[in-house]
Amino acid sequence: MRELFDEAAGQSPFDPQEAVRRQYRAPQRKRFYARADVTDADGGFSITLDGKSIRSPSGTPIVVPTRTIAETIAAEWNAQGGTIDPLTMPLTRFANSVVEGVIGRIDEVTADAAKFLGSDMLFYRAGYPETLVAREGQHWDPVLFWAADTLGAHFVLAEGIMHVTQPEPAIGAARAVFPRDPWSVAAFHVVTTLTGSALLALALAHGFRDEDQVWAAAHVDEDWNSEKWGVDEEVAARRAARLVDFKAAAGILKALRPAVG
């Protein structure tokens, strides 16, 4: 079982796109178990295959914080056919990433996500055409107003790509409400890197925006270009692959929302 996820372990929280590329190269193995179940474990829940608990590629026991998440992971294993396909198991891959790359490194992962607050996608606006300017405002302004009014984080906007230095008090106010438990931190980092916005990740983590709204906001410019020039099939395929990991991370944040911030 372990070799199935060796390529993906520890990658997703730091580089989801590279994780997708690695997962496409991951080997497949014949299904070797009859049924996956959920059992109580120290500090959470364990997923078992015919009574044996699953472990990360390094052999570390995987303990899941809620039964709902554990049952979803078990469902991924039960849904496998004659061969096991890691691409269809985003939460299992996510669990491996938490164990291998986040537990024991929470501060490092949090700091990596916090870097986005200095150059968040939402800060840099198009100057034209008016339709794109309006669409960016429609999707992005409510999140910025929420950050200012609710978090006390007042950021500076810029037109174009010229870098603008953000106020340290704003960065500090936003970072103060980052999630803190390993699973939420990992999910938050995945959403941040996939969307290019720590503010969108915060809005999702705190329930101000749902996953569909965040995904749409993250692709305003891309969607506008597609409407104007047509869909690039290769870009669309990469986006669909990223969406799988995004939905898994968004589900984790939703499931753990009472424990966030």
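Which residues in α8 meet which residues in α9?

Guide: Happy to. One thing first: this is a predicted model. On the α8 side you have Phe188, Val191, Thr192 and Thr195, and they meet Ala198, Leu200, Ala201, Leu202, Leu204 and Ala205 in α9. Sort the residues of that contact by type and you get 8 nonpolar, 2 polar and no charged. As for the geometry, α8 covers residues 182–195 and α9 covers residues 198–205, and the two pack at an angle of about 135° with their axes 8 Å apart. The crossing of α8 past α9 is right-handed.

Now for what surrounds this pair. The chain's secondary structure comes to 12 helices and 7 strands, and 49% of its 261 residues count as buried. Take the contacts between residues at least 6 apart in sequence: 68% of them join residues at least 24 apart. In soluble globular proteins, nonpolar side chains tend to be buried together. Here, the largest nonpolar core has 75 residues, and the members that touch the most others are Ile73, Trp77, Trp183 and Leu199.

Skip its neighbours within four places in sequence, and tryptophan 183 is in contact with Val63, Val64, Pro65, Ile69 and Ile73, with Phe94, Ala95 and Val98, and with Ile252 and Leu256. While you're there, find proline 182: its C-alpha atom is 8.6 Å from that of arginine 105, although the two are 77 residues apart along the chain. Arginine 105 is in the loop between α4 (90–102) and α5 (106–114). Its relative accessibility is 31%, so arginine 105 counts as partly exposed.

Phe94 joins Pro90, Leu91 and Arg93 on the α4 side, while Ile252 joins Val244, Asp245, Ala248 and Ala249 on the α12 side. That contact divides into 7 nonpolar, no polar and 2 charged residues. The axes are 9 Å apart, at an angle of about 70°, so α4 and α12 are roughly perpendicular to each other. α4 passes α12 in a right-handed crossing.

Stay on α12 (residues 233–255) and turn to α10 (residues 211–218): their axes come within 11 Å and cross at roughly 140°. α10 and α12 are therefore oblique to each other, and α10 passes α12 in a right-handed crossing. From α10 the contact takes Glu211, Asp212, Val214 and Trp215; from α12 it takes Arg239, Arg242, Leu243, Phe246, Lys247 and Ala250. By type, the residues of the contact of α10 with α12 are 5 nonpolar, no polar and 5 charged.

Let's finish on one of those residues. Arginine 239 lies in helix α12, and because its relative accessibility is 17%, arginine 239 counts as buried. Leaving out neighbours within four places in sequence, arginine 239 is in contact with Trp215, His219, Glu222 and Asp223.

Conventions. Residues numbered from 1 in each chain as written. Predicted model: local features only at pLDDT ≥ 70, side-chain atom pairs only at ≥ 80, totals over all residues. Heavy atoms only, no water. Axes fitted to C-alpha atoms, helices over the stretch in contact; angles between N-to-C directions. Helix = DSSP H or I, 4+ residues; strand = E, 2+ residues; numbered from the N terminus. Left-handed = near helix turned anticlockwise from the far one by under 90°. Contact = heavy atoms within 4.5 Å. Nonpolar A, V, L, I, M, F, W, Y, C, P; charged D, E, K, R; others polar. Core = buried A, V, L, I, M, F, W, Y, C linked by side-chain atoms within 4.5 Å. Buried < 20%, exposed > 50% of the residue type's maximum accessible area, 1.4 Å probe, protein only. Parallel < 35°, antiparallel > 145°, perpendicular 65-115°, else oblique.
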